[in-house]
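Please find below a colleague's note, written for someone opening this entry for the first time.

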Number of protein chains: 2
Amino acid sequence: MTESSTPQHETPVKTIAFVQYPGLTPLDIVGPLQVFSLLAQLAPGYATVVVGERIEPMATDTPLSLVPSHTFDTMPDPHVLIVPGGSVPTVAAMADEKLLDRLRTAAARSQITGSVCTGSLLLGAAGLLEGRQANTHWMYRSLLAKFGAIPVNERWVKDGNVITAAGVSAGIDMALHLVGELAGQDVARKVQLFVEYDPEPPFGPIDWEAADPAQYAPRLRQRLHQALTDHPALLARLTA
Amino acid sequence: MTESSTPQHETPVKTIAFVQYPGLTPLDIVGPLQVFSLLAQLAPGYATVVVGERIEPMATDTPLSLVPSHTFDTMPDPHVLIVPGGSVPTVAAMADEKLLDRLRTAAARSQITGSVCTGSLLLGAAGLLEGRQANTHWMYRSLLAKFGAIPVNERWVKDGNVITAAGVSAGIDMALHLVGELAGQDVARKVQLFVEYDPEPPFGPIDWEAADPAQYAPRLRQRLHQALTDHPALLARLTA
């Protein structure tokens, strides 16, 4: 008899997998990807992958196209799975049963499932937020309850093995938090140093008084209609 | 005689152009690109493009590849030109005379030339920082003086029509500042709201005591040697 070909003293690599799909908001994926890629450089035992349906360029909501590194079929089992968000294309993806199946399968293979921005709406549509506290982009927060989630207004919220961040740039904060959980605060602070994340928003913090959800309700409604015109049942559920 | 085919009451679109090259740090480009793409959505008269040598996937320092939207030959004259940075591949690009020529030509056609992170080393190598205050990633700051620039430790610094940001995530702050300059503070604050840029670094601000440049000098030296082994003259100039 022979020993296993993988020596037991080798710690298996923990993979942080980011899901890519057409039309997403690239900062949602690149913020936390950069953080975890630095983790992989600075500490042994971590790797990052970007997973899509095919390894080919996909449009984003900017002029940049992105190409994933793996398909869902070739990705290693992720320790952490992160789903980024976006605007109309992400809302439309809530009706993409093939993508939702991919998310369910990948989440079942991961230890932690996370999202940035409206990525949590995809987790919700996949049935992964039932009974859980969750957040999303502020303009979409009311939709979380449609999937049995409990909307929470925090930069990120972890409930069991599901962590969801607020909009777009919040993925950076969530990723640093997860690096701290995985590798300790000292490593997280080193990653923060290397991405020089010492924010100085030039006009100060957001004035949340200016972001009255009621004021933006028509814009949200318009995006839902634009994205889900061919999916009247889901549209009705979200706009009820 | 006919009038010009462009009605004079139409304001020409101001293009914000981002330079892409192989091996860059994607957060350097995507942070400010997302900010300016929101400007283009929220205010009339702005557009963003990503410019590379060819419209094809290029590797980054993460598993993600990026595809630009334009070549240098097809890009419109930029109002703002922004050059992102990176690690070893960016240092190597300081010896890429073709890219440096592209940067000189594009900068001459732009109103404002900017950089994120070590992108300023490319501006320096192209001769565009002579006598100007500039910043870069903290680990590389001492190199700026080799190109006649005056190193400044600020989140971003504008000197004449050249603006340079600190490392990686600082491009978001710089971009919001530029949006404020171009379109006013109200628009900039709206962009900030839509990217939900209300940072909460989970371990607080960077502990700069831990980032002693002398401690990191060997790492910087190693990267320079790794990147410029085939360019001994430039290597000697940077390590003198």
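1. The coordinates come from a predicted model.

2. How many residues does each chain bring to the contact? Chain A gives 65 residues and chain B gives 65 residues. Between them, chain A and chain B bury about 5,600 Å², of which 63% is on carbon and sulfur atoms. On the side of chain A that touches chain B, the elements giving two or more residues are α1, β2 (46-52), β4 (65-67), α5 (170-183), α6 (185-194) and α7, and α1(A) gives the most, with 9 residues. The residues on this side of chain A comprise 34 nonpolar, 19 polar and 12 charged ones.

3. The count of salt bridges between chain A and chain B is 0, whereas 36 residue pairs, both at pLDDT 80 or more, are in polar contact between the two chains.

4. Thr25(A) sits in the loop between β1 (14-19) and α1 (26-42) of chain A, and with a relative accessible area of 6% it is buried. Leaving aside residues up to four places away in sequence, Thr25(A) touches Asp61(A), Gly85(A), Gly86(A), Ser87(A) and Val168(A), and also Gln34(B) from the other chain.

5. Pro78(A) is found in the loop between β5 (70-71) and β6 (80-83) of chain A, where its relative accessibility of 2% counts as buried. Beyond residues up to four places away in sequence, the contacts of Pro78(A) are Thr15(A), Ala17(A), Ala106(A), Arg109(A), Ser110(A) and Gln111(A).

6. Which residues of helix α8 (residues 232-239) of chain A are buried? They are Leu234(A), Leu235(A) and Leu238(A), and because they fall within an arc of 100 degrees when seen down the axis of α8(A), they line one face of the helix. These buried residues pack against α7 (213-227) of chain A, while the face turned away from them carries the exposed residues Pro232(A) and Ala233(A).

7. For helix α8 of chain B, the buried residues are Leu234(B), Leu235(B) and Leu238(B), and they cover an arc of only 100 degrees around the axis, which puts them on the same side of α8(B). Their packing is against α7 (213-228) of chain B, and the exposed residues Pro232(B) and Ala233(B) are on the face turned away from the buried side.

8. Over all chains, the structure holds 18 salt bridges.

9. In chain B, Arg104(B) forms a salt bridge with Asp101(B), their closest N and O atoms being 2.7 Å apart. Both lie in helix α3 of chain B, 3 residues apart, about one turn of the helix. In chain A, a network of salt bridges links Glu53(A), Asp73(A), Lys98(A) and Arg102(A).

Note on methods. Residues numbered from 1 in each chain as written. Chains lettered and ligands numbered in written order. Predicted model: local features only at pLDDT ≥ 70, side-chain atom pairs only at ≥ 80, totals over all residues. Heavy atoms only, no water. Buried < 20%, exposed > 50% of the residue type's maximum accessible area, 1.4 Å probe, protein only. Helix = DSSP H or I, 4+ residues; strand = E, 2+ residues; numbered from the N terminus. Arc of directions from axis to C-beta. Contact = heavy atoms within 4.5 Å. Buried area = accessible area lost by both parts, 1.4 Å probe. Salt bridge = Lys/Arg side-chain N within 4 Å of Asp/Glu carboxyl O. Polar contact = N/O pair within 3.5 Å; in protein donor to acceptor, adjacent residues only side chain to side chain. Nonpolar A, V, L, I, M, F, W, Y, C, P; charged D, E, K, R; others polar.
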